[in-house]
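This briefing concerns a ligand and the protein residues around it. Please examine the sequence and the structure shown here before reading the points below.

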Amino acid sequence: MTDAATPSQDAEQRLLESVPSKLLIGGQWTDGSEGDTIEVEDPATGKVLKTIASASPEDGAKALDAACAAQEEWARTAPRTRAEILRKAFDLLQERKEDFALLMTLEMGKPLAESRGEVAYGGEFLRWFSEETARISGRYATAPDGANRLLVNKRPVGPCLLITPWNFPLAMATRKIAPAIAAGCTMVLKPATLTPLTSLLFADLLREAGLPDGVLNVVTAKSASKVTGPLLKDSRLRKLSFTGSTEVGQRLIADSAQRVLRTSMELGGNAPFLVFEDADLEKAVEGAMLAKMRNMGEACTAANRFIVHESVAEEFSAKFAEKLAALKALRGTDKASTLGPLVDADSRAKVEELVQDAVDKGATVRTGGKAVEGPGYFYEPTLLTDVAEDSRVLTEEIFGPVAPVITFSTEAEAVEKANASDFGLVSYVYTQSVNRALRMGERLETGMLGVNAGVVSNPAAPFGGVKMSGIGREGGFEGIEEYLSTQYVGIADPWADAES
Ligand code: NAP
C-alpha cells in the first residue's frame, strides 16, 4: 500500500489476518486459559474487526512467571545487544509503517495521516532509547572524609507491569517498552481493550527484531483489574507504569502502596491554551487546531480551555471556528478524512453531555454542537464562547473535538484561570514577548509548556505532569531512569593496606 491511496478492503482484511490474536507468554502465542475472547470494533462503523483472546488471572500469573524467569539473564545482556534489538525494531517499523498506520486507524479511528504521524513519533522512542542504552552509567567517588570509596551503580528495576490507554495505541506502548528494554527490565504489557491489535502486532515485530522469549509478555484482558490486581500483590513485580485516566491511576497508586511498588503515572490533563494580545493570531489558530484537534481531541495533551485576551478573543474565535467547520468527518481510511470518530458510544455521550451542560449555562455554539448522524461515533468539531465558569467543559477532560473559549484582561487573571485546575500536564502560550513566555514557565503549574507551539511531544524530551496529571517522566534522558534503580556500594578505604 502506498501513502497516497485509500486502502482497499482486501488490504484491510490481509492486515487484520496478519495480527496475532492470542496472548504472548514466554515467547509463545497462547489461547486464554478460560477461552474468553474480546471483539475489537472499528469505531467508524461499529463493526467487529477481529476477535482476540482475553486473559484470565491465571494467564496473568503465567505472564509474570515468564517475565521473572527471563529477568536475570536479560539484565546481564550487553547494553549494545539491547540497543541493537531496539534499533532493529525501529528499522522494521519504518518498513511496515503503512501497516501500523492502517491498523491504528482501523481500531482507534484517527485519520491515516495522523496514524502515520504516530508511527513516526512512536518509532522514535525505539531509536532514542537504543541510543540511550549504552549511556547508563554510575559513579565512583571518594567519601568526603577521604576514608571510604562510594560506588554508585544503576540496576534494572526488574519485572514491570505496563498498562496502556487506547488513544495512542503504538506510542503509549513504545514510550514504556523501549526504555524498559534499554534498562534491562522484563515486562508484562496490558494494552487497552478497545485498541489491543497494534500492541499485538508490535510484540510480533519485537520478536522478529530479536527480543528474547519472556522479555515482553502481552496479556489482553476484558477485565483489566482481575488480571492486573493479583500482579500488583505479587512480591516479584517491581514496577507499575500506567498511562490512563487519573481516576484509574489513583486506584492503582493505592493498590501499589500495599507492596510499596515503584510507580510511574501518566494521567489526565486539562490543558490551558493562552493567547495574549500580542500573539500572532494566524499562528495561534494554527496551533489551536493542532493542540485541540490532534487525535479528535482524544489526547491527554489536548487543549481543554482556550483562555484568550478580551481584545483578540472575537477575532481568534471567528478564525478558529472557520477552520474547525472545514474539517471532514469521515472514516479515517478515507483519503479526504481530517476528523475521525470518537472511540466509542460512551465517549461520544460524555462529549454530548459536556456541551449540553455548557449550553444550559449560557454558552453560545459558534460551530458544531452535535453528534454526526449515521454509523460510527462521530461528533462535529465544536467551538463554544460565553462559557460560564462553572461549566463542566472547563473543569473536566473533554476528550473530544470541543473548544471552549473564555477571556481575560490581565496577565495575572490569565495565570489564575490557567492554574485553576487539579491537573497540570501541559500548557500552551501564544505571545511574541520572550520575557512573558519565560515568565509563564515560572507562573504556570505545568509539567510541560508549549511556547507558540501547539504540540510539545518529543521522544527526546521528558513528558509528564504535575498535580493530578501524574508522577514521573517518559522520554528524554529522564525516561530510562524510571526503569533503573540506584544501588550504592560502600567500599572500605583501598589505601588501608597499602605499603607506606
Ligand atoms: P483508562 O480507562 O484509565 O484505561 C487505561 C488503561 O488502564 C487501559 O488499559 C484499561 O483497561 C486499564 N484499566 C482500567 N481500569 C483498570 C483497573 N481497575 N486496573 C487495572 N487497569 C485498569 O484510560 P483510557 O480511557 O484508556 O485513556 C484515556 C485517559 O488516558 C485520559 O484521561 C488521558 O488523559 C489519559 N492519557 C494520559 C497520557 C499521559 O501521558 N499523561 C497519555 C495518554 C492518555 P481497559 O481498556 O480494559 O479498560
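The ligand sits in the largest pocket. A pocket is an open set of points on a 1 Å grid over the protein atoms alone, with protein on both sides within 12 Å along at least five of seven lines; a molecule sits in a pocket if more than half of its atoms lie within 2 Å of its grid points. The model is predicted: local features need pLDDT of at least 70, side-chain atom pairs count only at pLDDT 80 or more, and totals for chains, interfaces and linings use all residues. Residues are numbered from 1 along each chain as its sequence is written, and side-chain values use heavy atoms, with hydrogens and water left out.

**The shell around the ligand**
- Thr164, Thr193, Ser245, Leu267 and Glu397 come nearest among the 31 residues around the ligand (near: a heavy atom within 4 Å).
- Both domain 1 (9-267 + 469-487) and domain 2 (271-451) contribute at least three residues to this shell; the domain bounds come from an automatic or database assignment.

**Polar contacts** (pairs of N or O atoms within 3.5 Å)
- The side chain of Glu397 has an N or O atom 2.4 Å from an oxygen atom of the ligand.
- For the side chain of Arg175, the corresponding distance to a ligand oxygen atom is 2.7 Å.
- A polar side-chain atom of Glu266 lies 3.5 Å from an oxygen atom of the ligand.

How values were computed:
A polar contact is a pair of N or O atoms within 3.5 Å; within protein, one must be able to donate a hydrogen and the other to accept it, and residues adjacent in sequence count only if both atoms are side-chain atoms. On a 1 Å grid over the protein atoms alone, a cavity is a set of points where a 1.4 Å probe fits but cannot get out, and a pocket is an open set with protein on both sides within 12 Å along at least five of seven lines; lining residues have an atom within 4 Å of a point.
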